[in-house]
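Trainee: I have just been handed a structure that is new to me. Could you walk me through it, question by question?
Mentor: Gladly, let us open it together.

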Amino acid sequence: MDTDRQFTRVTVFVPSLDNTPNIPPSNPVDTTGTPITDLTKVPPVTPVDVPTETTGKPNDPTPVVSVPGYRNPTLTPGDPTPGGTPIAPNVAGDAQIAYPTADLNNTPDVVTFTNNLTNRSGATDMVQLFPTLANGTVDPAYTFNPTTGVFTNTTTGVSIRFLDPITGNPIAVSTDPNNPTVAQYPTVTVPNNTSVVYRTEVTFPDPDDTSVTPAVTVLVGADSLKDADLVSNSNTTDTILPPAMQFGDATVAQGAVDRAPVEVVIPGGTQSGIASPNNTDGTAVFPMDVANNGQYNDSYTLSGSVTFTDAVTGNPVVVPVLYYAADGSLLPRLNTNSNSPDYNKFVTPVTAPGTEFKAFAVVQTPAGVRTGDYTVSQTALANYSTITLTDINNVIRVSPNGSVAVAKFIAKTGVAAGSNPANGIANPANYTATGANGAQPGGTLSYRIIGKNNYNQTVNGFFLSDTVPANTTFVSVALTPAPTKTIYRVNGGAWTAVAPAAGLAAGTVIDVAVDADNNNLPDSLTAGNTLSADFTVTVR
C-alpha cells in the first residue's frame with residue numbers, strides 16, 4: 001500500500017533577552033548592532049562615592065561610602081552634580097541607583113543611565129524599548145512622540161529618551177517591514193551573543209529643596225519584535241534619589257517652620273546652656289530642626305552668628321552661634337583649630353531620609369552690648385547634596401542692664417589722677433575721695449561730682465545734683481568741660497540757663513545739666529560716658 005507522507009518543519013523563535021544595569025559587556029554593540037571599538041563609550045565600573053553612610057554616625061562632613069559604580073562618559077547638560085551624577089548598579093537586583101546633588105537653578109535636572117541589553121536567542125533580534133509596568137505592558141502614564149523620541153509623563157513631569165552611546169542621538173523607531181511585529185517605540189538591533197549599550201536619559205523637575213521629594217523610578221522594558229505581543233521580555237530599573245531638606249524653627253512633627261521667636265537676655269548674665277529660661281540670663285536658645293526630606297542619607301553643617309553693638313564704643317561685636325544636641329552636648333566642630341574659619345561650624349550626625357535632627361542654637365550674650373533687637377543669622381549646609389538654607393528671623397532682645405554711678409571728690413593738691421577712685425570712677429588729678437585739706441571759716445571748698453552711665457543704653461534726661469553742705473554757703477557750679485549750653489535748677493524748680501546766684505544757704509538742692517539741643521531740658525548721656533560738675537562753697 002502506498003502512503004503519501006508529507007512533513008512540515010516549523011522553526012519557532014524564542015526571544016532570550018536580558019535587560020540590565022551597566023555591566024561592561026564582553027561584546028558591546030551600539031544600537032544598530034555595530035561593534036563598539038571606542039570603549040570609552042562604555043563606562044567602566046569603578047569606585048564612586050555615594051551617600052549611603054550609616055545613619056547616626058557622628059562628625060562626618062563627608063557622609064559617603066565608596067561602592068562600585070560609574071558616571072556617564074559624557075557630561076549631560078542639566079546634570080546637577082559636578083562631574084556627573086554617580087550611579088551604583090545592583091546587578092543582583094537588576095537595578096541601578098543615581099545619587100544627584102542639588103544645583104543652583106530651577107530648571108529640570110537630567111541624569112543619564114547606561115543600560116545593557118544582551119541577546120542569547122541564537123539569532124539577531126530587533127527589540128523596542130519603552131517605559132513599562134511590572135507586568136511588562138507599556139506604562140500608560142507616558143505618551144510617546146516618535147519625532148523627538150521623548151516619552152513624557154504629564155503627571156510627574158518626568159520625560160525619558162533612549163540614546164545611542166556613540167552618536168548621543170535618540171534611538172529611532174524601526175520602519176523595517178520584515179519585522180514580524182510593527183515597531184512602535186525606539187528600536188535596537190542586537191546580534192546573537194552581544195550586548196547593545198544604550199543610554200536612558202531621564203529628565204525630571206528640579207526638586208523643591210524644602211519639600212518632601214519622592215524618588216524617580218523608571219522601569220525600562222525591552223520587547224522583541226519577533227514575537228507577536230507588545231509585552232516586555234526583560235525589565236530593568238533605573239532610579240534617581242533626589243535631595244531635599246528643611247531648616248528652621250523646631251516643630252513636633254517632621255519638618256521646620258519660620259516662627260520668628262524672640263529671646264530676651266540680660267547681657268553678661270548667667271550662661272545656662274540649652275535649658276536657659278527666657279528673660280533672666282545671658283543665654284538665648286533657639287530649638288531648630290534640620291529635616292531630611294530627600295531620598296538618601298546626609299549630614300549637615302550648621303553655622304551662625306549675631307552682630308551686637310558695643311554700648312560704649314558703638315563698634316560691632318560678632319558672637320558665633322553654638323549648636324548643641326538634645327542631650328546638651330556640643331556638636332562636633334568642623335575644624336578644632338580656633339584660628340580656622342571653620343571653627344564655629346558644627347556637624348550633625350548622618351540623618352536618614354524622612355527623619356530630622358533636632359539642634360539647639362545657643363548664643364551667649366556678652367556684657368556691655370547695647371539694648372535692642374538683634375537678628376540671629378543661621379545657615380545649614382547639606383554636606384553631600386550641597387543644599388544651603390538660611391534662617392534669619394530669630395531675634396535676641398537685649399534688656400537694659402547696669403546702673404548710674406556717682407562719685408564726689410574734694411580738691412586736694414598733690415593727689416595723682418586715678419589713685420583714689422570711688423564707686424568705680426577714677427579721681428581727677430588734685431582731687432581725693434577720702435578727705436581734703438582743712439578749711440577755716442570764710443575759706444573756700446571746691447569739689448567735683450562725676451556721674452557715669454554704666455547702663456548698656458543711653459540714659460535720657462541726665463543731670464547732676466548736689467545739696468549745699470551744712471555750715472557752708474553756695475558760691476558757684478559749672479560743668480567741666482563747659483558745654484555749648486548749661487541749664488540749672490534750684491530746689492526742683494524750672495530749668496533755666498541762668499546760673500544760681502551765690503549766697504544760697506545750706507540745704508539748697510542744685511541741679512545742673514547739658515542742653516545742647518536748646519530745648520531747656522537735660523540732654524541724654526550715652527552708655528559708658530560721664531558728666532562732671534565743679535561746685536564751690538564758702539565755709540561759714
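Trainee: By class, how many nonpolar, polar and charged residues does the lining of the second largest cavity have?
Mentor: Keep in mind that this is a predicted model. The second largest cavity is lined by Pro243, Ala244, Asn292, Gly294, Tyr296, Asp298, Tyr300, Ala382 and Ser385. Tyr counts as nonpolar and Gly as polar. Sorted that way, the lining has five nonpolar, three polar and one charged.

Trainee: How much space lies in the largest cavity?
Mentor: The whole structure holds two cavities of 30 Å³ or more. For the largest cavity, the figure is about 60 Å³.

Trainee: And how do the residues of that largest cavity's lining divide into classes?
Mentor: Its lining includes Pro80, Pro100, Thr101, Phe204 and Pro242. Asp103, Asp109, Asp206 and Asp209 are also among the lining residues, and Asp counts as charged. The division comes to seven nonpolar, one polar and four charged.

Trainee: Let's move to Ser276. Is Ser276 buried or exposed?
Mentor: Ser276 sits in the loop between β18 (262-265) and β19 (283-292). Its relative accessible area is 12%. Buried means under 20%, so with that value Ser276 is buried.

Trainee: With which side chain does the side chain of Ser276 make a polar contact?
Mentor: Setting aside neighbours within four places in sequence, Ser276 is in contact with Asp281, Thr283 and Val285. The polar contact between side chains, at 2.8 Å, is with Asp281.

Trainee: What is the phi of Asn430?
Mentor: Asn430 belongs to the loop between β27 (404-411) and β28 (431-432). With a relative accessible area of 38%, Asn430 is partly exposed. Its phi is positive although the residue is other than glycine, with a value near 70°.

Trainee: Where is Asp94, which has a positive phi of about 50°?
Mentor: Asp94 is not a glycine either, yet its phi is positive. You will find Asp94 in the loop between β5 (87-90) and β6 (95-98).

Trainee: Which residue forms a salt bridge with Arg397?
Mentor: Arg397 is partly exposed, with a relative accessible area of 37%. The closest N and O atoms of the pair are 2.7 Å apart, and the partner is Asp373.

Trainee: Are Asp511 and Arg489 buried or exposed?
Mentor: Their side chains meet in a salt bridge of 2.9 Å, N to O. This pair links strand β33 (residues 509-514), which holds Asp511, with strand β32, which holds Arg489. Both residues are buried.

Trainee: Which residues are linked in a network of salt bridges?
Mentor: A salt bridge here pairs Lys or Arg with Asp or Glu. The network consists of Glu53, Lys57 and Asp60.

Note on methods:
Residues are numbered from 1 along each chain as its sequence is written. This is a predicted model: local features need pLDDT of at least 70, side-chain atom pairs count only at pLDDT 80 or more; totals for chains, interfaces and linings use all residues. Side-chain values use heavy atoms; hydrogens and water are left out. On a 1 Å grid over the protein atoms alone, a cavity is a set of points where a 1.4 Å probe fits but cannot get out, and a pocket is an open set with protein on both sides within 12 Å along at least five of seven lines; lining residues have an atom within 4 Å of a point. Grid points are joined across faces, edges and corners, and a volume is the space filled by probe spheres set on the points. Helices (H or I, at least four residues) and strands (E, at least two) are DSSP runs, numbered from the N terminus. Buried means under 20% relative accessible area, exposed over 50%, partly exposed in between (1.4 Å probe, protein chains only). Contact means heavy atoms within 4.5 Å. A polar contact is a pair of N or O atoms within 3.5 Å; within protein, one must be able to donate a hydrogen and the other to accept it, and residues adjacent in sequence count only if both atoms are side-chain atoms. A salt bridge is a side-chain nitrogen of Lys or Arg within 4 Å of a carboxyl oxygen of Asp or Glu.
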